[in-house]
Amino acid sequence: MSPTAAEYAERHEIPPAEVQSPIDRATRPQIVGPDAPEPPFPIALIGPVQKGFGRGGKDLGCPTANLPDESITPISTVAKTGVYYGYAQVVPPTEEVAKFRPQDLKVLPMVMSLGWNPFYKNKVLTAEIHLIHDFERDFYGHELRAVVLGYIRPELDYISRGKLLPILPTAMTDALIEDIEVDKRVALNCLQRPGYQKFEKDAHFAHTDSELQASV
């Protein structure tokens, strides 16, 4: 069994990352995993959204919400690094609810990266969640609830070992963006299965659609 993300962090090690090739990318499956979550899934996470590096939205067109270290223990202690899928929900305080559209506060499909992000050579373990939805405002500091349901792929690298350029090469960035877009499609396909759809109504989440409408 592969070491968990937390085990690597405890040893102050960063796991080696596979280097993705165009052939690998072209043959990626569009749906992964069993027809219903299997242990250690589902994994519930909750915590306030922190400011990250700001690279997801700026460089990749994929803004992410970072959870604090203590909030990712439920997954880092039982799962390896990689990209995962599930559902997530932004839960602002009552006085902030009116600033969001009803659709922003629904339970939404998401993809999550757990690890050190080898493309950017991060030095600390992070969990970065991308909600597959277009928000009109940020939600830093607001509570984020997530249920992780399955694994998509390992973390990948796109540059030669030991060669980190100060400006990201366009071709490498494009390759990463393409993989992220595939991740989103895979997540949406996986969540269409009945064994996963039911978690959209999981008790871990804060509101039903009718409660959201009443709030705004």
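Predicted model: local features only at pLDDT ≥ 70, side-chain atom pairs only at ≥ 80, totals over all residues.
The pairing belongs to an open sheet of six strands, arranged in the order 2-7-4-5-6-3 with antiparallel pairing. Strand 2 and strand 3 (65–66) form the edges, each of them pairing on one side only. In general, the strands of a sheet pair through backbone hydrogen bonds, in either a parallel or an antiparallel sense.

Two residues of strand 4 were examined individually. Gly 82 is located in strand 4 and has a relative accessibility of 0%, so it counts as buried. Apart from neighbours within four places in sequence, Gly 82 is in contact with Met 112, Ser 113, Leu 114, Tyr 151, Arg 153, Pro 154 and Glu 155. Its C-alpha atom is separated by 9.8 Å from that of Ala 127, a residue 45 positions away along the chain. Gln 89 is also part of strand 4, which spans residues 82–91. Gln 89 has a relative accessible area of 0% and is therefore buried, given that the cut-off for this class is under 20%. The side chain of Gln 89 reaches the backbone oxygen of Leu 105 at a distance of 3.0 Å.

The nonpolar residues were considered next. Nonpolar side chains tend to be buried together in soluble globular proteins. The largest nonpolar core of the model comprises 30 residues, and those with the most contacts inside it are Ile 75, Met 112, Leu 114, Ile 129, Leu 144 and Val 148. Two or more residues are given to this core by each of helix 1 (5–10), strand 2 (43–48), strand 4, strand 5 (108–115), strand 6 (126–131) and strand 7 (143–153). The most is given by strand 5, with four residues.

The mean pLDDT of the protein is 84, and 79% of its residues reach 70 or more. For residues 160–168 the pLDDT is below 50, and this stretch has nine contacts in the model beyond near neighbours in sequence. Residues 212–216 also have a pLDDT below 50, and nine contacts beyond near neighbours in sequence are found for this stretch in the model.

Methods:
Residues numbered from 1 in each chain as written. Heavy atoms only, no water. Buried < 20%, exposed > 50% of the residue type's maximum accessible area, 1.4 Å probe, protein only. Polar contact = N/O pair within 3.5 Å; in protein donor to acceptor, adjacent residues only side chain to side chain. Core = buried A, V, L, I, M, F, W, Y, C linked by side-chain atoms within 4.5 Å. Contact = heavy atoms within 4.5 Å. Pairing = 2+ DSSP bridges. pLDDT = per-residue confidence, 0-100.
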